[in-house]
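Here is a friendly briefing to read alongside the model. Please have the sequence and the 3D view open as you go.

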Amino acid sequence: MTNRLSEIQIIPIKPQNGLVAFASFVLDESLYLGSIGIMTRPQGGYRLVYPTKKVADRNLNIFYPISREFALVIETEVVRQFEDVMKKY
């Protein structure tokens, strides 16, 4: 697997509790991943938050990167695209 992201889409929203946008992308031309939150970091910059589903009193992860290295690849690409989109606003 080459871990290539394509078709990155950013949907800015009115900032709310640190959430500033949602992102989606296609991974390796094989898997669509969406509803990924882009949140501000208290010390500056942005981080990604992956979707969960509330079942009873627990939040279950729907999907998320397993390795820290791959998480950084995704975060770098998505945040770069987010910053490009925000330059237009």
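Glu75 is buried, with a relative accessible area of 18%; here buried means under 20% relative accessible area, exposed means over 50%, and partly exposed lies in between, using a 1.4 Å probe and protein chains only. This is a predicted model, in which local features need pLDDT of at least 70 and side-chain atom pairs count only at pLDDT 80 or more, while totals for chains, interfaces and linings use all residues. Residues are numbered from 1 along each chain as its sequence is written, and side-chain values use heavy atoms, with hydrogens and water left out. Helices (H or I, at least four residues) and strands (E, at least two) are DSSP runs, numbered from the N terminus.

**Salt bridges**

- The structure has 4 salt bridges, each being a side-chain nitrogen of Lys or Arg within 4 Å of a carboxyl oxygen of Asp or Glu.
- The buried Glu75 forms a salt bridge with Arg41, and their closest N and O atoms are 3.3 Å apart.
- That pair links distant parts of the chain, with Arg41 in the loop between strand 3 (31–40) and strand 4 and Glu75 in helix 1, 34 residues apart.
- Arg41 counts as partly exposed, at 26% relative accessibility.
- Within helix 1, Glu77 and Arg80 are 3 residues apart, so about one helical turn separates them.
- The closest N and O atoms of the Glu77 and Arg80 salt bridge are 3.0 Å apart.
- Arg80 also forms a salt bridge with Asp84, with the closest N and O atoms 3.6 Å apart.
- Arg80 and Asp84 both lie in helix 1, 4 residues apart, which is about one turn of the helix.
- Glu77 is partly exposed at 29% relative accessible area, Arg80 is partly exposed at 38%, and Asp84 is partly exposed at 32%.
- A network of salt bridges links Glu77, Arg80, Asp84 and Lys87.

**Aromatic pairs**

- There are 2 aromatic pairs in the structure; rings of Phe, Tyr and Trp (its six-membered ring) pair if their centres lie within 6.5 Å, and planes under 30 degrees apart count as stacked, over 60 as edge-to-face and the rest as tilted.
- Tyr46 and Phe82 make an edge-to-face pair, 4.9 Å centre to centre and with 70 degrees between the planes.
- Tyr46 lies in strand 4 (residues 46–49) and Phe82 in helix 1 (residues 68–86), so this pair ties together parts that are 36 residues apart in sequence.
- Phe82 counts as buried at 3% relative accessibility, whereas Tyr46 counts as partly exposed at 24%.
- Tyr50 and Phe63 also form an edge-to-face pair, 6.0 Å centre to centre and with 70 degrees between the planes.
- Tyr50 lies in the loop between strand 4 and strand 5 (52–55) and Phe63 in the loop between strand 6 (58–61) and helix 1, so the pair ties together parts that are 13 residues apart in sequence.
- Tyr50 counts as buried, at 16% relative accessibility.

**The sheet and its hairpins**

- An open sheet of 4 strands has the order 1-2-3-4 with antiparallel pairing, where two strands pair if DSSP finds at least two bridges between them.
- Strand 1 (5–16) and strand 4 are the edge strands, and each pairs on one side only.
- Neighbouring strands of this sheet are turned by 25 degrees against each other on average, direction ignored; axes are lines fitted to C-alpha atoms, for helices over the stretch in contact, and angles run from 0 to 180 degrees between N-to-C directions.
- Helix 1 packs on the sheet and touches strand 1, strand 2, strand 3 and strand 4, its direction making about 65 degrees with that of strand 1; contact means heavy atoms within 4.5 Å.
- Strand 2 (residues 19–27) and strand 3 pair in the antiparallel sense over 7 bridges, and Ala23 has Ile36 in strand 3 as its bridge partner.
- The hairpin of strand 2 and strand 3 has 3 residues between the strands, and Asp28 takes a positive phi near 50 degrees there.
- Strand 3 and strand 4 run antiparallel and are joined by 4 bridges.
- Ile38 has Leu48 in strand 4 as its bridge partner, and Gly37 stands opposite Val49 in strand 4.
- The hairpin of strand 3 and strand 4 has 5 residues between them, and Gly44 in the turn has a positive phi of about 105 degrees.
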